[in-house]
Amino acid sequence: MSLIQPLWLVRQARVLMLERQARAARARAEQSRSAAHLEQAVALSRRALKQAPPGHPQRAALLNTLSGTLRFGYVLTGNADALREAIAASREAVADPQSAPFRGPCLCTLAVALRLEHERTREPGGLAEAEATAREAVAATGEGHPQHAVALLILANVMLTRHEITGDVAAAREAAQRAEQAAGSPSVGAGRGSALNTLANARLLLHRATADDDTLREAADAAQHALEATPPGDPNRAAHANTLASVLLTRYGRTGRTADLREAVRASRTAAGAVPPGHVLRAAVLHTLVGTLLELHGRRGEEKILDEAVKTAREALDLASDGLLLPGLHNALSMAMMMRYLITGDAEALGEARAEASRACDAAGDDHPQRFVFLSNLAKALRAEYEKEPTPDLLDDLVETGRLVAAGTTGTALYRADHLIELVLALLHEHQHRGDPDVLREARDHAAEAAARPYVLPWQQVAAHRLLGRVELALGDRGAALDAYRIAVESLPRVAPQRLERMDRELGLGKTAGLGPEAASAALAAGAPEAAVELLEQARGVLIEERLGARSETARLAERHPALAGEFERIRVLLDLPEERLRLADSAAVGEGLPAGAPAGLREAERADRRRVWLEEQWDDVLARIRALEGFEDFQGRPSITKLRREAAAGPVVLVNASVHGCDALILTDDPERPVRAVPLPDVTERTVAEHVTGLHSAREARQDIGDVLRWAWGHVTEPVLSALGHTGPRPLDRRPRLWWVATGPFAFLPLHAAGHHSREEVQRRSGRTVMDRVISSYTPTVRALGHARRAASAAPDGPRGVLIVAMPETPGESPLVGVDKEVGEITGVVPDAEILSGRQATREAVLSALPRHTIAHFACHGVSEPGDPSTSRLLLDDHLAAPLDVAVVSRLDLPHAELAYLSACSTTETTGRFGDESVHITAAFLLAGFAGIVGTLWPVQDAAARRIAAAFYRQAFAQEATSGPVDRAAYALQYAVDRLRAKRPGIPALWSAHIHVGV
């Protein structure tokens, strides 16, 4: 007996040693993700089990260790055989009569493996067994057990899976409850990060099910704290970063804050970089990365970002042959290909978008909780196909899919408003094709519901009212249509709240592009041309009016209420600061805006957001106090035709309007009896204008004649306007009257000032069949912007006008501009006292420092237009790579003495359709900075032509016999310069028609 007992003890010691070694090897495998360490851990567990046959008191614990290691092997490599063996080992451990001391941990391990297997196979009954096992594990551990937090967390994850599969909101609520209990449990230890991560996931899914934004905020807090609780090198850190990315991406969709998108991209890239190929989570992490890249592409418009999204989606699909994730991956690739189609018009991309959307729906089946999201994206692809090549069968599929989605989503579904909007668009197509008024009545009901939804996003609410207006107009109820459009326009401030940075506000307003022209068309249909102008003014240039209007109206307020004017101006300046500068502002001036008891560790992004919310509340308060004062009731208020017509005292303002309802020109004059005259453009549609814009761009790119486009614009647009005004023939330069163009929609991309017949013969015989020969054209983003420019010009101080010349004959990373030195020489021959910043002297800091000392600024440099992100369009100075002089920087300047800016650079007035209403381009940025008049360009200009036009402009603007200042003569001076070059090169209008005058 004395000999046997030591042998038993030796075997027991050997079993325990192998168990410890197996656990250590698994820990190394989890840390290194090494296949060798994983194989070693499995081998050690198998050796230990050989030493512990059935009936051995440690066998259940050894089986549990082996199961956990095999499960990790599945997670690391996706080996399904390893997961099946893990389940078998766990079942044996739980069934072992000797397992009582280890039963709780064994049940935990089995529940996790069963959940993973169900996620992989979707076999009936698998999830129910996983849930039952997890509940038994919670009961078996109890509150004092060291594994109780683990058991709670496992049950939370099982309930999350149940919600993801069935859409059961109660399951998501229980998941959040259990995860919160786990995070607060004394036994949670190092698992706190995982508990918080599960809590974040549960709250995110609850938000998607209920549209409750408070739940989303709580999800963001939990996700951030989860990542903070997970140290670098922890194998769970990648998954936690992925959760944070998902939450922030969702919040970006709700708020439009670019800061959230930037952090989501960073976290998503971190997660993707940390999860190796073959890891079971890699497809999920790549799925999130695709979502962040698509949103980033939507923000910046860069093709390389979209290409990366497509490549990433394809890689993720290759990894996920089946399971819960597959439908979402097909859907993500569909969305990426749809974006590619919308940018390129590539029919193959559209075909793949539809095919992948169909695969997403097929893979989801009838029970997937996201099925209707996938169906909605299929409807978008079907609509794009129908709009490209309409067929009755496509229309039937489109309407049927739209109705199926609307019928299947609940009243609290996050995406229901989007689904209803998509259905209304489909029904409008059906009515256009079949003419059934019942279809319109159905569309009216859906649009009204979408507009009234409690959790609808502001831009969706605007879209719903806009569609309601379209439907009412089609039904013939013009009054109801106009009412719907009015509500849509009045809702625009909610789309771009003050709490957002300017670039985010521009992007938000970009989602409503074209609303103003549509509303104006509805007003014209209702016989209210004055209302048409008012609606155009209210819906376009929202941020321009906010900035320029505040500047000019604050001066009036300061005369009577200086303290209140100072308070208003202080808040305006702070709200206008970019985030990095707002952080540096004096906290006493800004105010933290944090509630009592806010956590000390509240991260900076949240703190910055709350600062802006606080500032927005201060803005609303001071605005209300100002409007309560006598004489200031309409401070920063709606435009009225009584005020607008006064801006046409120096010459008519022509608003050229293009919308889905038709095209018209609205002539605004200072006639109190009839301030607005509508000139129908019967042969012009929004589509034909867009086609000619495309033709203009193609001709310029191919260096071909643009005369066809200019002749079309003359015959169909500008000549009818000039005839209505009585301008029927050519006039000498000094007798041509002034006229201002406000171009909306695609008209903004046509050179209306140059419309006409410009052949050599026409020019030589002065036929007068051109706009240039009859009037002096200027542009203005809005009527009110013209008024503010006039008031700025009249307030400019008398005396010498300092001229600043910024010249870049050579620019780092760009081709030389060989004509710049000669251009500067010709200008200084006219204005010899000009200050010159040239080459290495022309840095952003130097230019920004010099601008306030001068009333006139001339830039001779490269200009870069960024249509996808126009706030980053810029003039290239010596340090442009590190410190760009872009739209965002220039538009924040406040130059009270500025008069005239001449931008001898390429494409300073170029933007895209979605930003056209807000005129987000370099030329308009100088208007916002305080310049009353600006000379800019519509497209790239030849160096020699730019030099000739600039030299002639300055000779005329600074002519000694002139009776007015350069800013007042700028439009005439530019026309003089263009006329000279046109006379020499009449058959090449692209050479001299790019230059435009904006402002007074």
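1. A quick definition before the helix pairs: a crossing is left-handed if the near helix is turned anticlockwise from the far one by less than a right angle. With that in hand, the crossing of helix 18 and helix 19 is left-handed. Bear in mind throughout that this is a predicted model.

2. Staying with that pair, helix 18 covers residues 392-408 and helix 19 covers residues 416-434; they pack at an angle of about 150 degrees, and their axes are 9 Å apart. Angles over 145 degrees count as roughly antiparallel, so helix 18 and helix 19 are roughly antiparallel to each other.

3. Who touches whom here? From helix 18, the contact takes in Pro392, Leu395, Asp396, Leu398, Val399, Gly402, Arg403, Val405 and Ala406. Helix 19 brings Arg416, His419, Leu420, Leu423, Ala426, Leu427, His429, Glu430, His433 and Arg434. Sorted by class, the contact of helix 18 with helix 19 has 10 nonpolar, 4 polar and 5 charged residues.

4. Now for helix 11 (residues 237-255) and helix 12 (residues 258-274), which pack at about 155 degrees with axes 8 Å apart. That angle makes helix 11 roughly antiparallel to helix 12, and helix 11 passes helix 12 in a left-handed crossing. Worth a look on the helix 12 side are the contact residues Ala264, Ala267, Ala271 and Ala274, among others. On the helix 11 side, the contact includes Ala238, Ala241, Ala245, Leu248 and Tyr252. The residues of this contact between helix 11 and helix 12 divide into 12 nonpolar, 4 polar and 3 charged.

5. Helix 6 (residues 126-141) and helix 7 (residues 148-166) have axes that come within 8 Å and cross at roughly 160 degrees. Helix 6 and helix 7 are therefore roughly antiparallel to each other, and helix 6 passes helix 7 in a left-handed crossing.

6. Zooming in on that contact, helix 6 supplies residues including Leu127, Ala130, Ala134, Ala137 and Val138. They belong to a contact in which helix 7 takes part through, among others, Leu152, Ile154, Leu155, Val158, Met159 and Ile165.

7. On to the cavities. The structure holds 6 of 30 Å³ or more, and the largest cavity has a volume of about 160 Å³. Its lining consists of Gln498, Leu500, Glu501, Arg502, Arg505, Leu543, Glu546, Arg547, Arg572, Leu575, Asp576 and Trp619. The elements giving two or more residues to the lining of this largest cavity are helix 24 (502-510), helix 27 (542-560) and helix 28 (562-576).

8. Which classes line the largest cavity? The lining has 7 charged, 4 nonpolar and 1 polar residues. Its charged members include Arg502, Arg505, Glu546, Arg547 and Asp576, while Trp619 is one of the nonpolar ones.

How values were computed
Residues are numbered from 1 along each chain as its sequence is written. This is a predicted model: local features need pLDDT of at least 70, side-chain atom pairs count only at pLDDT 80 or more; totals for chains, interfaces and linings use all residues. Side-chain values use heavy atoms; hydrogens and water are left out. On a 1 Å grid over the protein atoms alone, a cavity is a set of points where a 1.4 Å probe fits but cannot get out, and a pocket is an open set with protein on both sides within 12 Å along at least five of seven lines; lining residues have an atom within 4 Å of a point. Grid points are joined across faces, edges and corners, and a volume is the space filled by probe spheres set on the points. Helices (H or I, at least four residues) and strands (E, at least two) are DSSP runs, numbered from the N terminus. Axes are lines fitted to C-alpha atoms, for helices over the stretch in contact, and angles run from 0 to 180 degrees between N-to-C directions. Angles under 35 degrees count as roughly parallel, over 145 as roughly antiparallel, 65 to 115 as roughly perpendicular and the rest as oblique. Contact means heavy atoms within 4.5 Å.
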